[in-house]
Structures are given as C-alpha cells and as structure tokens.
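Have the viewer ready and follow along.

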Amino acid sequence: MSYCVNPTCSNPKNSASSLICQACGSKLLLRDRFRVIKPIGQGGFGATFLAVEQNLPGNPPCVIKQLRPATTTPYILNMARELFSREAETLGKIGNHPQIPRLLDYFEDNNQFYLVQEYISGLTLQQEVKKNGVYSETGVRQFLSEIMPLVQYIHEQQVIHRDIKPANLIRRSQDARLVLIDFGAVKNKVSQVTSNQSEQSALTAYAIGTPGFAPPEQMAMRPVYASDIYAVGVTCVYLLTGKIPKDLEYNPTTGEMMWEHLVQASDHFIKVLRKMLDVSVRNRYQAAQDVLTALDMEPYLDSLNQSLLSKPSGSTQNYSNSGIDSIGYTRGNNDSVAKLAASIRARKDKTPATIDTEWKHGRNQGRELASKPATRDVNNADDPFSARKLDSQSLLAAYEKGRRDFAGCNFIRLSVPSANLSESNFHAAQFQQPNFQAANLHNTDFGRASLQEANFKDADLSKAYFSNADLEGADLRGANLSQAYLSQANLRGANLSGANLTGAKVTDEQLAVAKTNWLTVRPNGKRGLF
C-alpha cells in the first residue's frame, strides 16, 4: 500500500504501485525515493509514518516525521522551520551513536517539513510495561545503567533532549538495547524565536516537552541538563509503578510527586531516585554521571563502615562479598579500609573532567596496582573468584552485586552480548574469543588483556582503556571507540569497519595493520580509509 501524507486528503490509502494519490493528486513518492506505507503516530504539530526507501536494494524501512504547522502565518511558519532545522541539525550532530536513530534525509515541500530517520524495530518502554508488567528495582537499575551514559553523551554535545519518557525509549528487537527517539523538543545553541510574546507562546506550545515528565524549570522555559535527569527519574517511577504522572498525587505545598508509598525498593535506591526528582534544580543531580556514581558507590561505603565496626584490626577475614575489592590494600586491615572509603568519597567529590583525565592517562594508583596479581583467598569456597576462572553467568552475577574488579581473571567461554559491564576492571585478564557484541563497556579497563578474536561488534567502548592489550583479529565493526586509549595495543587484523575512533589515542602505524573502510570514523572525527 502507498499512503498519502497530504493532511487534507480525504482518502489517503492507495495501491502499492501508484505514483499519484487517486483522491487528491499529491505525489506519493517523496523525494523520488521514499514511499509511505502507513501512519504510526500523530500529534498537534505533525505526524509520523512508516516508509520504505525504493532506491535501495531490499527497500529498507525508515521513519518519516512530517512537521505540520497549525497555520501558514509567517511567524508560525518561521518557528516551525526553526524547530525542524534544529532537530535535523541535532540529529546530524549526535546521530553517530548506537542508541540514537540515524538521520537519513530532511527536506521541505509545500510548507511541510520532513525528517527521514532510521527505523527502530521494537517496543517502547510504555508498551513493554503494559505487556509484561512493572520493573523490579534490579530492572530499573539496569535501565539507568543503559540510559544515563546516553544522556551524558547527549549533554556532552551541549544538547538537552527535553522529552525523555517511556514512549520515547524503544528497546530495539535486534540487540535489546534502548534507543532514544524524538529530538523535536531539543534545546541547543540554535537561537529560539523570541521577537514577541505571541511567538514565544507558540514555541512554548511545541517545544516544552511532556507535562509531568518535565520539571518546573523546563515548564518555565528555563531547561538545564538536570531537567533531563528529572525526566529519567519520572520514567523510573513509571517503570516501578506503571503509573504516568497525571495518575499520581502531588504534594500541594511543595509540588512534589508522591510516589514512594507505591514503590518497593531499597532505602538507598529510593534516596537516589528522590534526588533525581527534586523539584529544586539546585538539589538535583547535575550530571548523568553523578547518578551512576551514587548508585555504584554509596552502598559500598555502608559495607566499609560496618566492617570498621565489626572486625578487629589485623583480621584476615576475606571481604570479597562486600561488593568491592581492596585494590592496593591488605584485606581486613581497618586503616586500609578507612583509606579506601575516603578515596571513594574523594572520587565522588572530583569533577567529571578530573576523573576523565585520570582515566585517559592511566596513571592513578588503582590501575598500576590492578596490573599486579590480585590477592584472593583460594580456600574460600563461597568466593566465586577463588579459582580465578569465571564463566558468563558468574561474571554477570558478580557485576549485578556491585563487583567491578576482575583484574587477572581467566574467562571461560565468555558470551555476554548486550550486557552492561561499564567501568569494570579487566586489566591483564585472559579471554578466549569472548563475545561482547553490543555490550556497554564504557570506561572499562582492558589494559594488557588477551582479547584475540574478541567480538566487540557494535559495543560501546567509549573511554575504554586498551593500553598494551592484544586485539589481534578482534571484530570491532560499528563499535564506539570514541576517546578510547589504545596506546601500544596490538590491532593486527582487527576489523574497525564502521567503528567510531573520534578522539581515540591510537597511531597511524597501529591502524595501518587493521581493517578499515569508508565508514570508519578516524580520530580526527572524519570518515574515510586510513
């Protein structure tokens, strides 16, 4: 079937072979290449359609977003044109990310504006909850571990999404990764139309985002990066309760959403969520990384404090189940544990830029000591690391419990596609053709690791550390290696076709022995062969 996108068409359905609409005479083949199949959504300012690209083999599907201004009044038309240009510019700038749909084309035709994007097959989180029920705390933690690095990436591009909600998050059928869609409400450095009050009101009507998911400062047209964090927090409440904001009660004095009595979760997790949802932007987390840091670190401090109270000085008790390794310190030594707790708190107080600098240069004490053989109690049957050999299930279970240090371990038949293992320490670990396809390995340490013929296809390896790692024959097609540290890594025969190496620390000599193609993004940000 062909579908006519003329808003005034009385009968938009046509045969698949038609070139002209039988009802209104409009062209059915947009840009002489896109044939609309059916509508998939509609809002006040436009509609979204499923289409196919006829000029490519197999007629691949795509999504066409049509922006329909309410009137042809000049200032409304100019506002619509600016919103359209803003979304196209934003997608063009940030679309080279595996969790954001790629922009395929954009054009204007007869005072209507069209964006053509990659089609993402899958259910939205809203559909997922309606079909399968609400999430557990563990499920929402996993959601945050997937979405917050993406939010951080968007913010690093100086973009505020302003419409994060369950209906705009699709779990892609292909690899089960979350994809964020609908960048029509973004705010970036493009100037907004503000020449008079009527124009500002018109802009507000479209670009403010979704009531209930947008925090007070965004409703007042003063969005900041923390506004997206609030929206993610509201999404978490929906995942835990199945209730959208308008179905919840609000505190009449403070305006805060009342949700805690509906949620079954740990006190710590509720505390983190409460801070994400603070109506005062000053008291909210200011950066996506702050949320991840709070979720990862705070429970460990409680365990460390408890160990100080319960274990005498000099005890040889193994603390492997506390959720953190005492890197560089003797286990059970109270002074050392106190130092470790202090170092965690100190790290939380550092700016993201400081942490990033330490990671990229790989000179901090943790990495230096992690390269040494780890101290493990081989006689402790309850410690899954006692034999220093791990399979996929053991690794994922340990990570879920908060463990991040796997330095020097020997992994057997490891297959963890689409898993979240970000910020883990695999320094000097031994792998045998591991499968990390589409996994989240952001900020992970693979220094000196044996990774021959590893499958990293479409994996997020941004800011990963590969110094002196053996990646011979590894499949890195489509991987995000932006800001990765590959100094002295063996890339002989590694397949980097379509990989993103923007800002990566790697030499031309290393890349000369790897496989690249015209889709490979070089360290300088340009595409092409090396």
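Cys-24 is partly exposed, at a relative accessible area of 33%; buried here means under 20%, exposed over 50%, and partly exposed in between, using a 1.4 Å probe and protein chains only. Before going on, note that this is a predicted model, in which local features need pLDDT of at least 70, side-chain atom pairs count only at pLDDT 80 or more, and totals for chains, interfaces and linings use all residues. Residues are numbered from 1 along each chain as its sequence is written, and side-chain values use heavy atoms, with hydrogens and water left out.

The closest cysteine sulfur to that of Cys-24 belongs to Cys-4, and at 3.6 Å it is too far for a bond. A disulfide is a pair of cysteine sulfur atoms within 2.5 Å, and the structure holds 0 of them. Cys-236, for its part, is buried, with a relative accessible area of 0%.

Next, look at strand E8, residues 112–118, where Gln-117 has its place. Helices (H or I, at least four residues) and strands (E, at least two) are DSSP runs, numbered from the N terminus. Gln-117 is buried, at a relative accessible area of 8%. Leaving aside residues up to four places away in sequence, Gln-117 touches Cys-62, Val-63, Glu-87, Leu-91, Pro-101, Arg-102 and Leu-104, where contact means heavy atoms within 4.5 Å.

Finally, turn to helix H12, residues 392–400, whose buried residues are Ser-392, Leu-395, Ala-398 and Tyr-399. These buried residues pack against strand E15 (410–411). After H12 comes Gly-402, with a positive phi near 110 degrees.
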